[in-house]
Amino acid sequence: STQYEYILTSAPEPGVQLITLNRPKALNALCSPLFAELNTALEAADKDDAVGAIVITGSEKAFAAGADIKEMKDKQFSDVYKNRFLEDWANLSKIRKPVIAAVSGFALGGGCELALMCDIILASPTAKFGQPEINLGVIPGGGGSQRLASLIGKSRTMEMVLTGRMISAQEAEKWGLVSRVVPEGEGEVVKEAVKVATEIASKSQIAVQAAKEVVNAAYELNLAEGLRFERRIFHGLFATDDQKEGMAAFAEKRKPNFTHS
Ligand code: CAA
């Protein structure tokens, strides 16, 4: 198994890959080697037939406090431009299996953006989301301005990005930034995320990946193209064993036994 310096990986339940950001002294600031390890672990989980869903979490105090400011502070335009700084963060959005963010504590800047790249965000009541880059003389660079605008609307996005104000878990839930806030308690949000991941891992992996692909298309295509894409993918699933099994099992009043084929 791969040894990582900045993350921990485990399989808390069959079918579930848990990735824990583990740079506690820096509140999980997302330095380049941390993100490279995260990408490696995500790509390995995506390829692993035994994994049906992935959970990313941090610590009780911080999901992630952003990109690493100390790593960035002396960089020049020519460095960040030529080296495509942060471009590899987008690898996460190419992962085909569902990725669930379990957020406790600070999810700031790149930490908020990391959560936004995941498919489902569950929040602990302690979660705080923010895009404080404006306080550093810069702007979000990991997709925050675009993803927030499509999720929570212009006025709320402008307020977050222009003032840097942190919002509470309750506000994030009300605004639709997270799917729900779980009851308080240490480790509760990870437990709940693993439960959701276990549920997803019990389905047909092909149908799950297709579902993720079509929902994501809603953020890129217009409605007519999106509806057409959805129907085509839906039609395509009739070529799978899992469709035959899923529908036969319903008719025979038994549980389906999906073979992911
Ligand atoms: N980068 C590097 N180090 C960080 C960090 C970051 N983003 N966030 C926290 N740390 C470090 C601190 O420097 C400190 O290290 P030392 O012990 O060596 O001094 C350690 O983590 C603990 O942090 P604090 O002492 O500050 O903890 P706190 O509880 O007093 O405050 C906090 C917590 C409010 C989150 C505060 O740490 C903070 O404001 N962090 C920066 C948040 C931020 O601006 N994030 C945006 C980064 S820019 C970005 O992300 C760009 C992008 O769009 C991709």
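## Val103

Val103 counts as buried because 34 C-beta neighbours lie inside 10 Å; the cut-off for buried is 20 or more other C-beta atoms within 10 Å, with C-beta atoms placed from the backbone. The model is predicted: local features need pLDDT of at least 70, side-chain atom pairs count only at pLDDT 80 or more, and totals for chains, interfaces and linings use all residues. Residues are numbered from 1 along each chain as its sequence is written.

Val103 belongs to strand S5 (residues 99-103); strands (E, at least two residues) and helices (H or I, at least four) are DSSP runs numbered from the N terminus. Leaving out residues up to four places away in sequence, the contacts of Val103 include Phe63, Ile121, Ser124 and Val189, a contact being two C-beta atoms within 7 Å.

## Nonpolar core

The largest nonpolar core has 61 residues, and Val103 and Ala107 are among those that touch the most other members. Such a core is a set of buried Ala, Val, Leu, Ile, Met, Phe, Trp, Tyr and Cys residues joined through C-beta atoms within 7 Å. Helix H8 (residues 188-201) gives the most to this core, namely seven residues.

## Ligand shell

The ligand is surrounded by 22 residues, with Ala29, Ala65, Gly66, Gly109 and Gly110 the closest; the criterion is a C-beta atom within 6 Å. Helix H2 (69-72), strand S6 (106-108) and helix H4 (110-117) supply at least two shell residues each.

Note on methods:
A residue is buried if 20 or more other C-beta atoms lie within 10 Å of its own, exposed if 12 or fewer, and partly exposed in between; C-beta atoms are placed from the backbone.
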